[in-house]
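I set out to look up a few residues and elements in this structure. My entries are kept in the order in which I consulted them.

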Amino acid sequence: MNIKRIARHLTMTHWQVNRIFTRKILNTIEQAIKRSEIGHVGEIRFVVEGALDGMPLFTGQSARGRAIDVFSQLRMWDTEYNNGVLIYLLYADRDVEIIADRGIHSKVHSREWAKICHQMETAFSQGDYEGGVVNGIQAVTASLAEHFPSAGASRNELSDKPVML
């Protein structure tokens, strides 16, 4: 049990997260996702969660484990082509995770996702949350456009709105 991590999570407030991810920044992120999905057949979602609480926190759930839970809760696996990609930020840990559905995971190696996560975390450590997320979306877009280019008009199966948990 990591006492510093628990304290960081227990003292995290929605106000702190909302101060960073303002309505303007969330709109910018939503527009970046909309533009992104024109160039490929993937479905991108961005989720920021301030902190873990309860059992996940006290059992030491990792950001990756939580991201997998969120991927499932948002039913991102329920797309026609198994093409969902979750970009998840656990703010209290400043940890970014990318979870890709099996249709995408089979083509894009996890090292590529890890590199994008690291770039986003670096931007966040410098206080550039908007740029970090938008650049992360653009990097995910480049991977998806390479492996899953757009085949013309496709329907948007998942909301482009960022999710604040």
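This is a predicted model: local features need pLDDT of at least 70, side-chain atom pairs count only at pLDDT 80 or more; totals for chains, interfaces and linings use all residues.

**Entry 1: strand β1**

I began with β1, which spans residues 43–49. I noted that 7 of its 7 residues are buried.

I next looked up the pairing of β1. It runs parallel to β2, to which 7 bridges join it. Within this pairing I located F46 opposite I87 of β2. With β4, residues 163–164, β1 also pairs in the parallel sense, over 2 bridges. There I identified M164 as the bridge partner of V48.

**Entry 2: helix α5**

I turned to α5, residues 63–73, and listed its buried residues as A63, R66, A67, V70 and F71. Seen down the helix axis, these buried residues fall within an arc of 145°, so they line one face of α5. The general rule I kept in mind is that an α-helix has 3.6 residues a turn, so residues three or four places apart point the same way.

Against which elements do the buried residues of α5 pack? I found α1 (3–10), β1, β2 (84–90) and β3 (95–100). After the helix comes R75, for which I noted a positive phi, near 55°.

**Entry 3: H40**

I looked for H40 and found it in the loop between α3 and β1. Is H40 buried or exposed? Its relative accessibility is 1%, and because buried means under 20%, H40 counts as buried.

I then followed the side chain of H40. It makes a polar contact with the side chain of S36 at 2.8 Å, and it reaches the backbone nitrogen of G42 at 2.9 Å. Leaving aside neighbours within four places in sequence, I listed T141, L144, A145, F148, P149 and S150 as contacts of H40.

**Entry 4: E30**

At 12% relative accessibility, E30 counts as buried. Not counting residues up to four places away in sequence, E30 touches D160, K161 and P162. I also looked up R102, which is 72 residues from E30 along the chain; their C-alpha atoms are separated by 24 Å.

Terms used:
Residues are numbered from 1 along each chain as its sequence is written. Side-chain values use heavy atoms; hydrogens and water are left out. Helices (H or I, at least four residues) and strands (E, at least two) are DSSP runs, numbered from the N terminus. Buried means under 20% relative accessible area, exposed over 50%, partly exposed in between (1.4 Å probe, protein chains only). A polar contact is a pair of N or O atoms within 3.5 Å; within protein, one must be able to donate a hydrogen and the other to accept it, and residues adjacent in sequence count only if both atoms are side-chain atoms. Contact means heavy atoms within 4.5 Å. The arc is that of the directions from the helix axis to the C-beta atoms. Two strands pair if DSSP finds at least two bridges between them.
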